[in-house]
Structure formats: structure tokens, C-alpha cells
Amino acid sequence: MTYKSDIEAIDALSASYKKIREEIGNVIIGQDDVVKSVLISIFSNGHCLLVGVPGLAKTLLVHTVAQVLDLSYNRIQFTPDLMPSDIVGSEILGEDRSFKFIRGPVFSNIILADEINRTPPKTQAALLEAMQEKIVTVGGQTYPLPKPFFVLATQNPIEQEGTYPLPEAQLDRFMFNVFLSYPSFQDEVRVVKNTTANKQFDLQKILNAEQIMYFQKLVRNVPITDNVLEYAVGLAAKTRPNTPTATADVNKFLSWGAGPRASQFLVLGAKCHAAISGKYSPDIEDVQAIAEPILRHRIVRNYKAEAEGITTEELIKRLF
């Protein structure tokens with residue numbers, strides 16, 4: 001892939017994004033913001049946590065994205081008895097009396113970590129290490145994961161019986177925390193129509209692994225003005241209670257704010273949001289467009305906020 005300039009490459013990314021959206025839209029009806037967030041996190045080389053009740057097509061969405069992007073895909077169903085070796089792989093004794101490493105399902109471009117909060121911390125940590133380092137270490141040997149590598153984890157917000165909530169430090173590894181809501185009545189009618197008939201969609205493959213990695217580099221090259229960069233960093237800094245930049249609302253309703261990783265993701269996300277919208281540099285609107293899913297899981301409300309029924313989303317909007 002060679003483009004004469006970054007401007008031409010950004011135009012190509014924007015056009016590819018529109019095509020990907022159209023293809024995914026054949027299978028996934030509605031959920032536009034969710035699809036957008038998932039694609040931004042792929043092009044920003046981040047990971048995504050999807051939170052929604054069962055039956056909202058979270059698994060189908062991830063599978064469809066993998067098909068359209070021509071990437072290898074594995075689904076890991078997290079259960080209370082899942083071991084780290086079930087994810088990363090293990091060594092077995094071969095016929096020649098030497099140990100061989102059998103790769104686990106994590107060796108794939110896209111991993112769907114289904115119901116990640118259903119498995120004990122040791123197994124969660126094995127996946128989170130792979131997410132952060134993009135390598136797996138077994139028996140003192142290091143094995144690189146395929147590139148691009150990208151985890152979409154799902155969580156069910158209703159049933160918390162027998163679950164292991166992800167600690168804040170591990171939630172911080174995810175670029176986005178995306179909430180899925182119920183479809184509108186019209187969307188649901190279309191979903192039911194399509195899924196209860198013999199309708200088959202042959203999805204076109206729009207991009208491959210090499211092109212995705214090219215666009216991931218391109219997103220980092222997108223220039224950003226100092227005032228937009230400072231706005232993004234300021235937005236994350238404002239969420240930290242009892243600091244000079246904290247707002248009155250933050251001091252009153254938050255017990256914990258977002259760390260520097262939030263600032264990095266706000267800048268990367270804004271660059272990517274601008275590029276897929278066909279803009280050559282992000283502005284403040286681009287930062288605001290992606291702020292909610294980036295900050296949502298990085299700030300912790302105190303009892304006052306919970307007692308007064310003030311949501312995390314409301315507090316984020318007040319920061320704008």
C-alpha cells in the first residue's frame with residue numbers, strides 16, 4: 001500500500017471506514033455508535049469492553065468485524081473453571097520425549113473474551129498480560145502474538161452472582177467501555193425479519209491485516225494542534241478530585257479520577273475519529289465525541305453521587 005501523501009492515505013482510510021460500516025450494517029442493524037467505537041479502537045490499536053444484556057448481538061458483531069477485516073478470530077467463553085493455560089496454551093511432552101508448546105486460542109488477530117468477569121483473577125490476568133505486552137511467556141519461552149492483535153471483551157451488567165469484577169487497574173487496559181442498549185422498535189422488527197428467515201449475507205472483505213497495521217500507523221501520524229492536545233489532557237485532569245484542575249462537581253461526586261492513559265487514548269481516539277470523518281486534524285468536537293466511552297470506566301463515583309442518582313455519563317458531559 002503506497003499513497004502519495006498522508007492526506008491521500010487519510011482519504012483512503014475514511015473511504016474504507018464507510019465501506020466497512022456498510023458491510024457490517026448488512027448483518028448488524030442499529031448499534032451505530034457501538035460499531036463506530038469498535039472500529040475506532042481497532043484503528044487506534046486499542047482494546048474494547050462491551051457491556052450489555054444478553055441477546056444484543058455482541059458476539060455476532062465481533063464475528064462480523066473479523067470477517068469484514070479478513071482477520072483470524074477466536075472466541076473464548078470465560079467460565080469459573082477456565083485456567084490460564086486454556087487461553088495462552090501449554091507445553092506437552094512429545095513423542096520424542098521433549099516438550100512442545102501447543103498454542104492456545106489467544107494466538108489470533110481478534111479475540112472475543114466472552115463474559116470476562118466470569119473467570120477468576122488469575123485467568124483474567126493471563127489475558128490482560130497478552131493485551132498489554134502482545135506476547136505470551138510459557139516455560140521461560142516468549143511467543144509473539146499475531147499482528148494486529150485486539151481483544152473485545154464482553155460483560156453482562158445484570159447478573160453479578162458468581163462473577164469476578166475486573167479491578168480498576170485492569171479495566172484501564174481497555175481503550176473503550178461501550179454500553180449496548182436495546183434496539184429501537186423498527187430496528188428490532190428488521191432484526192427479527194432477517195434472523196427468522198433463510199437470509200444469508202456474503203460479506204465482502206474490505207481490508208486485510210497489513211492494511212490495518214498501515215492505518216494504525218497513519219492514525220498516530222495525524223497532526224494535532226497544541227490547544228486540542230491540551231484540551232484532551234485537561235479533560236482527563238479535570239476528573240481527578242482534590243487537584244488544582246478539578247471542578248466542583250468532581251470534588252463533590254467522584255472518589256477517583258482518570259489516569260494518564262486516559263489522556264493518551266483521548267488524543268489517539270480523537271485523531272482516529274477525525275481521520276474516519278475525512279478530517280486531516282482533530283478538533284475539540286472529536287475529543288468530546290469519544291470522551292464518554294474512554295472516561296466511563298476510569299472514574300469512580302462516591303456514595304453522594306450514587307445517593308443522588310447522578311450517573312457517570314452525566315458527570316462526563318458536565319466536564320465539557
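Student: What lies over the face of Phe107?
Tutor: Arg103 does, at 4.6 Å from the ring centre. A charge sits over a ring if NZ of Lys or CZ of Arg is within 6 Å of the ring centre and within 35 degrees of the ring normal. Arg296 likewise lies over the face of Phe179, at 4.2 Å from the ring centre.
Tutor: Before we go on: this is a predicted model, where local features need pLDDT of at least 70 and side-chain atom pairs pLDDT 80 or more, while totals for chains, interfaces and linings use all residues. Residues are numbered from 1 along each chain as its sequence is written, and side-chain values use heavy atoms, leaving out hydrogens and water.

Student: What makes Phe43 and Phe215 an edge-to-face pair?
Tutor: Rings of Phe, Tyr and Trp (its six-membered ring) pair if their centres lie within 6.5 Å; planes under 30 degrees apart are stacked, over 60 edge-to-face, and the rest tilted. Phe43 and Phe215 sit 6.2 Å apart, centre to centre, with 85° between the planes, so edge-to-face it is.

Student: Why does the Phe43 and Phe215 pair tie together parts that are apart in sequence?
Tutor: Because Phe43 lies in helix α2 (residues 32–43) and Phe215 in helix α8 (residues 209–221), parts 172 residues apart in sequence. Helices here are DSSP runs (H or I, at least four residues), as are strands (E, at least two), numbered from the N terminus.

Student: Why is Phe43 called buried?
Tutor: Buried means under 20% relative accessible area, exposed over 50%, and partly exposed in between (1.4 Å probe, protein chains only). Phe43 has 1% relative accessibility, so it counts as buried. Phe215, at 0%, is buried too, whereas Tyr214 is partly exposed at 26%. Phe43, Tyr214 and Phe215 form one aromatic cluster.

Student: Why are α2 and α11 called roughly perpendicular?
Tutor: α2 and helix α11 (residues 260–276) pack at about 110°, with axes 9 Å apart. Axes are lines fitted to C-alpha atoms, for helices over the stretch in contact, with angles from 0 to 180 degrees between N-to-C directions. Under 35 degrees is roughly parallel, over 145 roughly antiparallel, 65 to 115 roughly perpendicular, and the rest oblique. So α2 and α11 count as roughly perpendicular.

Student: What about Arg97: buried or exposed?
Tutor: Exposed, with a relative accessible area of 68%. Arg97 also has a positive phi of about 65° although it is not a glycine.
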